[in-house]
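Please take a moment to look at the model on the screen before I start, and keep it open while I talk.

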Amino acid sequence: MPFIAIWAQGAPDRLPAWLQWMIVLGDPQYTTTGPLGGLITWAKYLGLICLLGWVSAQFIIALRGSEKPDPRRAGRPNFMLLSLLAIGALTLITAFLSVLDQNRQLPIPPVGPLTLAGQTIGPIPLPALLAGVVAVLGLLLVEIALWSSLSRGSVLGRGLLVLLLHGAIGIGVWSLYSIQMQARLRGGIAGPISPPELQFILLEGVRYGATLAGLVTLLYLTFVFLGEAAQVRWRRLSAIAWHTIIESFRRTRAPWAVLAVFVIILAFTNWFLGRGRTAELARIFVSTLSVITTFLLMIMIVLMAPISIPNDIRQQTIYTVVSKPVRRLELIWGRLIGYMTVITLLLAILGGVSIFYLNRVVGSRVGATRDAARAALSEGRVDEARRLDQQATQLANRMSARLPIFGSLIFYDSRDQLRTRGVDVGFESANRSHIEGATPGKAIWRFDGVPDPTNPRFLLDRRLPVDKLLAPESLEGLENRLISLQTEAVNLDRRLAAPDVRPADVRSLNERRKTIEPEIRAITTDFEQKRTTEQELVARARAAETAGKADEATRLRQQVDALHSPPIPLEMTFNVFRTTKGVLGEAVNASLVVRNANRPEVPESRSLFPVQEYYTRRMTFPSRLLVGSDGRIHVTVQCQTPTQFLGMAEKDLYVLANQGPFWLNYLRGLAGIWLQALVITAIGLFAGTFLSWPVALLLTLAAYLAGQLAFGFLEQFAQGQVQGGGPIESLIRLLGHDNLASDLAPTAGVLAAQTLDRFFTPILSSLIYIVPNLNALDVSDTVASGFAVTNSTLLDHVLLGIGYALPFTIAAYFILKNREVAA
Amino acid sequence: MSSPTTIAPAGHQSGSRNRQILYALLIVGLFGAMWPYSEWLQKVKADNDLGEAAIGQIDGSSFLQKLAVIGGFRGLATLGLWDQALQLQKDQEWDKLKLAVDFITKLQPHFLSVWTFQGWNLAYNVSAEWDAPDDKYVWIKNGINYLRDGVAKNRKSPDLIWDTAWTYYHKIGFADEAIILRRLFHDDTDEDGGKFKIDPISLDTRDDNFQVARGWFLRAVGLVDEGAQRAETGVESKVEYIDRMPDRKGRPGDLNFRAMPAHAQTRYAIGLEKMSKQDIEPLFGQFAIAEWDQSYKDWMTLGKHPFPSHNAEEQMIFLDDLTNDERFKSPELTDNQRYWTERWANQMNYRYWKDRADAERELSGVNARRFFYEGTRALRNANFAEAKEKFRAGLSLWKELLDRHPVYRDDELNQKDTGELARRYAFALKQLGEEVPEDMPFKEIYEYVKNEPFRDPFDQLDQMKVGNEGSAGNPTPPSPPGSNP
């Protein structure tokens, strides 16, 4: 449809402000930038779920009929139920007709074309027409349900909400109408609105309206909830939490079981993991320990959380509790706090044991391998010594928390043409691409302002943090500050001299200009002083060397080094693709050039090295390259061996900002497991509020497995990207050994399956959005690879975890509140 | 966890007691019924070598995993792991791949194809993905260790033993980097107490992969002679394979299967007399004679083994009959036996191998080889006068020897080999400005091969720079003297 395209092509920023906000608030797939954007998206989805939940609740109330059964109406059919069944049947028929149509088996021709108010519509296929009828009838039924549920018990708030919901839908449609009008204006389209445009406005408008209505519902429920939350008292919460802890330790004994199983598994882990290559040992041990910890804790929480409330209800202990002045929300949150305390305790123990174990088993391997390397060297086995040493270094690096700074990678091909990717040598995973040896082909990592690949109009700041990398009091640090102050002074002068400078700015600019001079002077003095000291030390060291006093010279050289900022470490991993065997036993060579992109006159740092495939090589470049660079550094890698190729991906080369301790990082990794446990506990409690314990347990388990193992697949399923039809059609294919791509013969069974699929798939797809993405909370891979989990990542994950867990506990509260526990 | 039955309202005490008795009876009954079944199961396990514990050795981790992933879920878990392994291989995550395939065999230790396939995959495919020879070696070793682990858990499978032997023999000994890999094997101080380098027959530690391979080949052959077959699991016997079980390796009548110990021994002896390991000097003298003698004995063992002929199983075929004219033409043999003897012996070039071992085990053979080595070495160091002397001495000895071994002499393999030696001699002469003498030994072969230089892929002198004599670095062979007049 051309008119959608008009505003979709980057035009939203030219719409009036209120319409832009309507798009941001009304379209679930569109949001603003920054942290607010994520929050709005979250609120929109939550709102839609709230709307669905609230309307369903009203519908169920309407369906149940009057609370006081009318004896005169006994035996008469329930109007709402009958209508619902009728609409369900009609939907099935529609789905069936549409399946027939898709298989070209529909005997009935399309309806129309119709002429309506001078406009020609159609021809409309029968299924589409029926779908329209079903939609209208369904909406009508919802309307009836909403108003009739209101008639029972006069609740002003709910009435207002129903009105507001309708208002929101109206606003949605109006917004779309306005957007369309803007689009017509810009596109120069005149005349009356055509039927497709009308359809677009109505359908999209209702979609926008529904999202807005969801936000309204969310607001309403938040108010109701805040009222309850204000009543929550810590004393009662802690009492329930304490009882939950006692219950889990004494009655279920699950925490003890977890500890016992963990210890048993740990005792045997070395048997089947210990034989791996030393270089990758840490990665394999850490990821395995994380998996075991996650698995055990999740099994425990899946078994404990969902059965807690149903057990209380079944054993009627809940009556005693609710007869006390305990809020329903406290019942949920208290349990949550209790379980999370148990989890925290267990995580602390398991984490502590794991760190101790890793240090003992893996950490000791570093020293042992280094010793073996030394022994090999003394026996003249140079190659083996080199290999062992590399393995030890790699293992030591993995047992730390490295903080990498990534650049942006571009390629030049063998004809020196700029490319976004290198040569494809036919690897199945397209992760790395290659450059050809002994040609102008090169890969350049730019630590610089680089164009955003998704929107080249914007620049991404990938510059190196010079202030952090250079020691502030070193010669390089001082010189760098001097240069940046001088640059600032020049810029200030230029701005002051500009003809269009605003009088209001002049004063502040002048003030800054005045403070800069003394700063420059102070740093210059400091710098000159240190440089003199350095020159003296160098002279004395030379004198000592010529006099043959080696110890003295070394000591002096060390003093000189202390005046400088340490060299900047770079780490890199490449792979090699050979087109010929080359010279037997000779490695492929690569060159690396580090350049200051801001001051090309600074001499670049060059090095040549043999590439060892899949090993992470650490190199350094002198810190003086950073002086005056403003963080703009370019690293160029070329393959120097003819006919061979060097492969790389963007994340294969990075500057190492720092290297922290491993144990702290491991604890941060455990935080990821803690958050997963939080989400699953919340889901378990939620399931327990309205299901019997076996079903609640199954639901929690399913949520865990779906979120942990199958999230990617479910996402594809929801977006309709899975080949082979819906669940029932897939089953037919599976049993019949049919492949995914071929069309099935339209037999009665296949048609029935496709009809059911068409009926259920949308429902299943929408349910998938409730499944938590537990993989996103999992950082064990980062920890296992020896990279630091940063504070911002941790904060992101905490927000995500709460974003999943909080709504589930609130939903649990609403269900428990409306459930007739005391009946 | 509190079970729903234990927490019951007080009024149901007697009912709960009855239920407890019922459960207890059920447990006892089930155990009673299981007794004969488990006895029968033990017998089947013992028959098929499917026991979990060999004497004094229990694999705790495997047992625990099976406990954790009980029963039918084992198959599902294996399937998932296999899928994961394929993906990890695509992602070039080699160490995780190894972990995954290790897990598969912990869950299904008696699924033989897994050992065979993944052992080969690690030793051949994964090692090829690594660039440096020492890394390649690590992965070949991983593959061999994987196969050895499989043998430890399936002691009655001759073909798994044969696969292990083959990987020692072929992947280390015949790779492009064989010279370096064999040196790495030579130096390997195995972290697993040196078990990797142990010859399973003599239980000695060997520094040569071909020796260890021979031991493993002998072990496989020995097992077959004891009557073992590939352990068949219930699943396999129900599936109709294109390549059926009896047609696989480890079949008693498989020629190539039985020839491998002799081949491994011969390769070892050949490797001994040249720089077949990086920077390791060759060995001659009595040591080489003894190994060639062993090689001759191994070929004789093969030659004297009775193979049932294809069309008449009661008629035995002895390959060695072909080298014994008297016996071959005697009326004791039927035409059918003669046909199969000739066909099979020629198929594997038996006469060449036997005669070669016979010739090389003589003192003059070993001495000739020493002259050739020293001559080539002098040639690479541009010491042409010495090269000329060495080659002349060597070729005369060689000529005298081969005239007594016409089968070896006339075989095409040898013509290429000996022709190259003659070519080197001629090259040394040309460098000294001398003509090729009319009475040069093997002149007729020389004329035939002089434009076809041959570089031995398993000789460091032909392939790489030689460590302790820096100037000998020219990896390309000397250009043939006749090519630029």
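What you see is a predicted model, so let me begin with the confidence that comes with it. Chain A averages a pLDDT of 86, and 94% of the residues score at least 70. Over residues 1-11 of chain A, however, the pLDDT is below 50, although this stretch still has 14 contacts in the model beyond near neighbours in sequence. Where pLDDT is low, the predicted coordinates should not be read in detail.

As for the chain as a whole, its C-alpha trace spans about 120 × 75 × 65 Å along the principal axes, and chain A contains 25 helices and 17 strands. Of the 823 residues in chain A, 31% are buried. If we take the contacts with a separation of 6 or more, 77% of them in chain A are between residues 24 or more positions apart.

Now please find helix 8 of chain A, which covers residues 234-252. With its 19 residues it reaches 26 Å from the first C-alpha to the last, close to the 27 Å expected at 1.5 Å a residue. Which residues of this helix are buried? They are A:Leu237, A:Ile240, A:Ala241, A:Thr244 and A:Ser248. After the helix comes A:Arg253, whose phi is positive, near 60°.

Let us turn to the strands, starting with an open sheet of four in chain A, whose order is 3-17-10-14 and whose pairing is antiparallel. Strand 3 (401-406) and strand 14 (617-621) of chain A stand at the edges with a single partner strand each, so one side of each has no neighbour in the sheet. From one strand to the next, the twist averages 40°. Within this sheet, strand 10 of chain A, residues 568-572, is joined to strand 14 by five bridges, and there A:Met572 has A:Arg617 as its bridge partner.

My last stop is strand 15 of chain A, residues 633-639, which is mostly covered, with five of its seven residues buried. Strand 7 of chain A, residues 442-447, runs antiparallel to strand 15 and is joined to it by five bridges, while strand 12, residues 589-596, is also antiparallel to strand 15 and is joined to it by seven. What is the bridge partner of A:Phe447 in strand 15? That partner is A:Ile633, and A:Asn596 stands opposite A:Ile633 as well.

How values were computed: Residues are numbered from 1 along each chain as its sequence is written. Chains are lettered from A and ligands numbered from 1 in the order in which they are written. This is a predicted model: local features need pLDDT of at least 70, side-chain atom pairs count only at pLDDT 80 or more; totals for chains, interfaces and linings use all residues. Helices (H or I, at least four residues) and strands (E, at least two) are DSSP runs, numbered from the N terminus. The expected span of a helix is 1.5 Å times one less than its number of residues. A residue is buried if 20 or more other C-beta atoms lie within 10 Å of its own, exposed if 12 or fewer, and partly exposed in between; C-beta atoms are placed from the backbone. Two strands pair if DSSP finds at least two bridges between them. Axes are lines fitted to C-alpha atoms, for helices over the stretch in contact, and angles run from 0 to 180 degrees between N-to-C directions. Two residues are in contact if their C-beta atoms, placed from the backbone, lie within 7 Å. pLDDT is the predictor's confidence in each residue, from 0 to 100.
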